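Take a moment with the sequence and the fold.

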Amino acid sequence: LNYNDGESVLEAGCGKGQNIKELIARYPNSLIKGFDVSTGALLVVQKALKGNGNVQLEVGSVGDFKYLESFPTGAFDHIIISHVFSLLIGSGVDETRKLRQTLIDHFIRIATKSVLIMDGDILSQIEVPEVIIEQNTRCVFRESLIPYFAKHQAKGELYSMFSPENIGIIFRLKSNAL
């Protein structure tokens with residue numbers, strides 16, 4: 001990932017902090033900020049980290065663009081959003097795409113070095129997006145996220161990563177992108 005100890009990371013939709021715990025273990029001198037809509041999940045993170053001064057947590061939503069606008073341009077070196085993107089769904093296909101584009105635009109504005117999105121099938125090559133019902137209580141919107149980065153091509157490069165459990169795409173910003 002080319003992260004360095006001392007660089008700042010914002011985790012959007014941090015949940016119970018699995019990524020935060022890993023980040024702080026690998027980069028103990030880095031400022032890690034996480035936000036999530038669930039106060040209960042944030043309490044789990046606080047207890048697990050036992051007051052680590054390099055971790056800041058707050059209630060916030062990736063779908064709240066006023067909240068995202070509160071982050072200054074270039075506020076963090078890196079942004080991570082893990083297993084949240086496929087759950088971001090608007091009232092229809094057009095609204096979902098607008099929501100996703102706006103979110104990626106905000107993340108690229110806020111980050112100075114990289115934006116990492118990890119999720120299920122975010123590189124899908126299907127022609128028409130799919131809505132898949134999971135667990136009787138939620139659904140996911142399946143499509144490739146690559147087109148959302150097209151308007152930012154001049155600012156950086158997009159890479160994909162694969163593991164048996166995950167797919168990740170990382171947008172690395174050029175050092176002069178701001």
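The paragraphs below go from the sheet to the helices, then to the cores and the pocket.

This is a predicted model, in which local features need pLDDT of at least 70, side-chain atom pairs count only at pLDDT 80 or more, and totals for chains, interfaces and linings use all residues. Residues are numbered from 1 along each chain as its sequence is written, and side-chain values use heavy atoms, with hydrogens and water left out.

Start with the sheet. Helices (H or I, at least four residues) and strands (E, at least two) are DSSP runs, numbered from the N terminus. Two strands pair if DSSP finds at least two bridges between them.

Now look at one pair. β5 (residues 111-119) and β9 (residues 167-173) run antiparallel and are joined by six bridges. Asp-119 has Ile-167 in β9 as its bridge partner.

Contact means heavy atoms within 4.5 Å.

Next, the interior. A nonpolar core is a set of buried Ala, Val, Leu, Ile, Met, Phe, Trp, Tyr and Cys residues joined through side-chain atoms within 4.5 Å; buried means under 20% relative accessible area (1.4 Å probe, protein chains only). The largest core has 28 residues, and Ile-81 and Ile-117 touch the most other members. Two or more residues each come from β1, α3 (65-69), β4, α4, β5 and β9. α4 gives the largest share, six residues. Leaving aside residues up to four places away in sequence, Ile-81 touches Ala-12, Val-62, Leu-103, Phe-107, Leu-116, Ile-117 and Met-118. A second, separate core of 16 residues includes Tyr-3, Val-9, Val-55 and Ile-80.

Finish at the largest pocket. A pocket is an open set of points on a 1 Å grid over the protein atoms alone, where a 1.4 Å probe fits, with protein on both sides within 12 Å along at least five of seven lines; lining residues have an atom within 4 Å of a point. The volume of the largest pocket is about 220 Å³, counted as the space filled by probe spheres set on the points, which are joined across faces, edges and corners. Its lining includes Leu-1, Tyr-3, Ile-80, Leu-116 and Met-118. The largest share of the lining, five residues, comes from α1.

Conventions. Buried means under 20% relative accessible area, exposed over 50%, partly exposed in between (1.4 Å probe, protein chains only).
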